[in-house]
Each structure stands twice: as C-alpha cells, then as structure tokens.
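Thanks for coming, everyone. Let me put the structure up, and then I'll walk you through it.

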Amino acid sequence: MNFAAFSVISLYAVPVIFLIILGVGFFREINVYDAFVEGAKDGISTIIRILPPLVGLMTAVGVLRASGALDFIIYIMKPLVSFLGIPPEAMLLALLRPVSGSASLALVAEMVKTYGPDSYVGRVVSTMMGSTETIFYTLAVYYGSVGIRNIRYTLLAALLADGVSVMASAWICAIIFGR
Amino acid sequence: MLNYIWAGMLAAGFLIGMINGRLEEVTQAAFSSAGRAVELSIGLLGILCLWSGLMKIAEKGGLIRLVARLAKPLLKLLFPQAAHDAGALGSIVMNLSANFLGLGNAATPLGIKAMNELQRLNRGDDSASDSMCMFLVLNTSAIQLIPATVIAIRADAGSAAPAEITVCVWIASICASLSGIILVKLLSGTIPLKKRLPGRTRKLVRK
C-alpha cells in the first residue's frame, strides 16, 4: 500500500475545505467576507479564554520538565507501554487527556516544542490531541444538564474508545511516517 | 480534579528539583514557561481567528444542516429508540455534525438539546438510556474534519507540514468511534454475547 497518498490527502484537506465552505457561502448568498470578519472575532475571545489556564498549566509542565520529574515518569512508563507500541511520552498525555483539555494542550505544546513537531513523538501527541476528547468534562456537562445520576456503562465505553484512539494514533503515525 | 493535578505538578516539580539540585533551572523554567504560554497564545491567535472566521461562513451557509442531512440515515441505525422521534434524532445529528466541523461553540447547546430530547424519551428517569450512552460515546470519540488547534500548535513550533497529521487524526477517530459503537452495543445487551456477535459486529464495522 502506498502511504504517500495519505500525505497528499492531508495536504489537500485544508484548501479543499476552504473552497467548499466558500462555495457553499456563495451559493447560499452569504456576505462571506462580513461573516468571516464577524467569526474571526471569536478567535480572539477563544484565545483570551485559554490564555490564563495555559499560563498556569504550561508553567506546571515546564517546572516538571526542568526538575527531571517528567523524564523520570516517562522512564517508569516505558516498560509498561512499550509492548503496546505507544511511546511513553504519549502515554503521559493519554492519562491527562480525558481529565483536562487545557492541561493536555499545554503538554502537547511543550512536547511538540521539546521533541520537534515532525518527530515521531511530536506526530503521535498531535494525532492523539486531535482524535480524543475531554471525556470527564463532556459527560459531566451533558449528564448534568438533564440530571442523570446513574450513567451506567458510558464512562467505561468512552474510556475504552479513548484507549483505542491512543493506540491507533501511535500505530498509524508509525506506519505512515515511520518511527 | 484540576486543583489536585495542577498543584501536584507544581509541588512535585519544585520538590524534585530541590532533591536533584536543579532548583535554579526549575525556577527559571517556571518564568520562561509562563512567557512561552503567552507566545504560544499569540502564535495560535492568527490561525484560530482565520479558522473561526471560516467556520462562521460555514455556520451561516448552513453547512451543519448539510452535513446533518448526509449523516442522518447512518445515525438512524445507531439510535433505534430515537430513530422515529424527529426532535431527538435531529438534535443528535446536528450536534455530531457541528462537532465534525469543529464548531465547539455551536455544538454544546445542540448537545444539551439532544440530551433533553433523549431524557423526554427516557421519561425523566435518573438512569442513562442506551441512546444517551451511544450519543455521548460518539460525541467523545467522533471525527473532527480539520484539527485546527493542533495544526496551529504544530505551525507555531515550526513544523514543515503542520497539517500532515490530518489523515492520522481521521483514522484514529474512526477506530475510536467504531470501537465505541461496538462497545455500547455490547454493553447495552443489544448484541447478545453468544452466537450473533461476529456477524453483527462485522455489519456495524462496514457501516
């Protein structure tokens, strides 16, 4: 199988979606530029919302990295996860991801910077970040909104699916880009 | 939860730094990381504004509805209890479509509406229905068409091809969604654990 095709699809995905959205906008007779400017403002409020947690959490991750604790945790995890083919750095993210979105974002930002965005670890943590969700938060918001107390097997199924996503991220990046 | 994690990370960092004799590096890292968070936010600002602007066009152009129409027949099969209820199925499909497009702000109210509709079908019980479980497992594992934030982080870190992980994200999400669907069906008892399992599972995977 030729995996170069995947890189080509990735390359085309963003421009094609730009064109589709612009096309649909024109077809529906939207003032596309006005809509764009209006929407771009939301980007600013998003950043303002994530900046304070990002300062707190990136400081925590940076302190852990500088103290040597992060390398120690990764060292301990290595034998536990290496047989699954998951890099131990990514396992750290896997544990944090269901609990906190902003903490995971801080960790991904730190790892992408430390190991390089185009390294194996950099690609795996990027893929994981894109394909997983803050499960505990989502369940709390949605079940909380209708007063469900007994969530039955939801958490189990969601966490197992999350685990599949983690392993798939590690394997797919290894297959497509190599380790 | 985050209170413990955050405080724990900082405390562990400083204490272990003291033991390792790296207190100076740790203190320096605390300040430089805080500065780095601001740099990152500024680095993300441009791409997020660009993306939010584009998504506004998508929203106004009714792209959520368009995706919803395409996804509806498929999702109907996954929600047997809600399939004949236009309100419930509609909200579920709209929420998952908004998530698919990465429209977080639009997705949450739609999702809460979907939960309310499902709770109506559940007759106000305080125990989750199978449809709710399916909805939330799909919601937490579902595909995102363009992982914009991750692409922005990669671009900020100087990646040669920030968007190259897009297909990997799709494949990983599809694996997660499929296993989520199978798990929910298994756990809800819709698929008996005995003989019918292989055939039924294969059918689900193909869809």
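Start with a network of salt bridges: Asp118(A), Arg123(A), Arg154(B) and Glu164(B) are linked in it. Keep in mind that this is a predicted model.

Arg154(B) and Glu164(B) meet through their side chains in a salt bridge, 3.3 Å from N to O. The pair links distant parts of the chain, ten residues apart. Arg154(B) sits in helix H7 of chain B, residues 148-156. Glu164(B) sits in the loop between H7 and helix H8 (166-188) of chain B. Buried or exposed, these two, Arg154(B) and Glu164(B)? Both are buried.

As a general point, side chains of opposite charge can pair when their charged atoms come close.

How many salt bridges are there over all chains? Twelve, by the rule used here. Across the interface of chain A and chain B, the rule finds five. Here is a salt bridge between the chains: Lys60(B) with Glu38(A). Their closest N and O atoms are 2.8 Å apart.

Now to Arg65(A). Which side chain does Arg65(A) meet at 2.9 Å, N to O? That is Glu110(A), in a salt bridge. This pair also links distant parts of its chain. Glu110(A) belongs to helix H5 of chain A, residues 101-115, and Arg65(A) to helix H2 of chain A, residues 32-67. They are 45 residues apart. Glu110(A) and Arg65(A) are both buried.

Arg65(A) also forms a salt bridge with Asp71(A), at 3.2 Å from N to O. So why call Arg65(A) buried? Because its relative accessibility is 14%, and the cut-off for buried is under 20%. Asp71(A) has a relative accessible area of 41%, so Asp71(A) counts as partly exposed.

**The interface**

Next, the contact between the chains. Chain A brings 91 residues to it, and chain B brings 99 residues. What area is buried between chain A and chain B? About 7,800 Å², with 76% of that from carbon and sulfur atoms. Three residues of chain A give more than any other three: Ile21(A), Tyr142(A) and Tyr153(A). They supply 9% of the area that chain A buries against chain B.

**One serine**

Look at Ser141(B). It is in helix H6 of chain B, residues 130-141. Its relative accessibility is 3%, so Ser141(B) counts as buried. What is Ser141(B) in contact with, leaving aside neighbours within four places in sequence? The list is Ala161(A), Ser173(B), Ala176(B) and Ser177(B). For a sense of distance, take Pro109(B): Ser141(B) and Pro109(B) are 32 residues apart in sequence. In space they are 18 Å apart, C-alpha to C-alpha.

**Chain A as a whole**

Last, step back to chain A. Chain A has eight helices and zero strands. Along the sequence the pattern reads α-α-α-α-α-α-α-α. The C-alpha trace of chain A spans about 60 × 50 × 35 Å along its principal axes. Chain A has 179 residues, and 54% of them count as buried.

What about contacts in chain A with a separation of 6 or more? Residues 24 or more positions apart account for 64% of those. The accessible surface of chain A is about 8,000 Å², and 70% of it belongs to carbon and sulfur atoms. On charge, chain A carries 11 positive and 10 negative side chains. The centres of those two sets lie 7 Å apart.

Definitions and conventions:
Residues numbered from 1 in each chain as written. Chains lettered and ligands numbered in written order. Predicted model: local features only at pLDDT ≥ 70, side-chain atom pairs only at ≥ 80, totals over all residues. Heavy atoms only, no water. Helix = DSSP H or I, 4+ residues; strand = E, 2+ residues; numbered from the N terminus. Buried < 20%, exposed > 50% of the residue type's maximum accessible area, 1.4 Å probe, protein only. Contact = heavy atoms within 4.5 Å. Areas by Shrake-Rupley, 256 points an atom, 1.4 Å probe, with all protein chains shown as cover. Lys, Arg positive; Asp, Glu negative; His and termini not counted. Charge placed at Lys NZ, Arg CZ, Asp CG, Glu CD. Buried area = accessible area lost by both parts, 1.4 Å probe. Salt bridge = Lys/Arg side-chain N within 4 Å of Asp/Glu carboxyl O.
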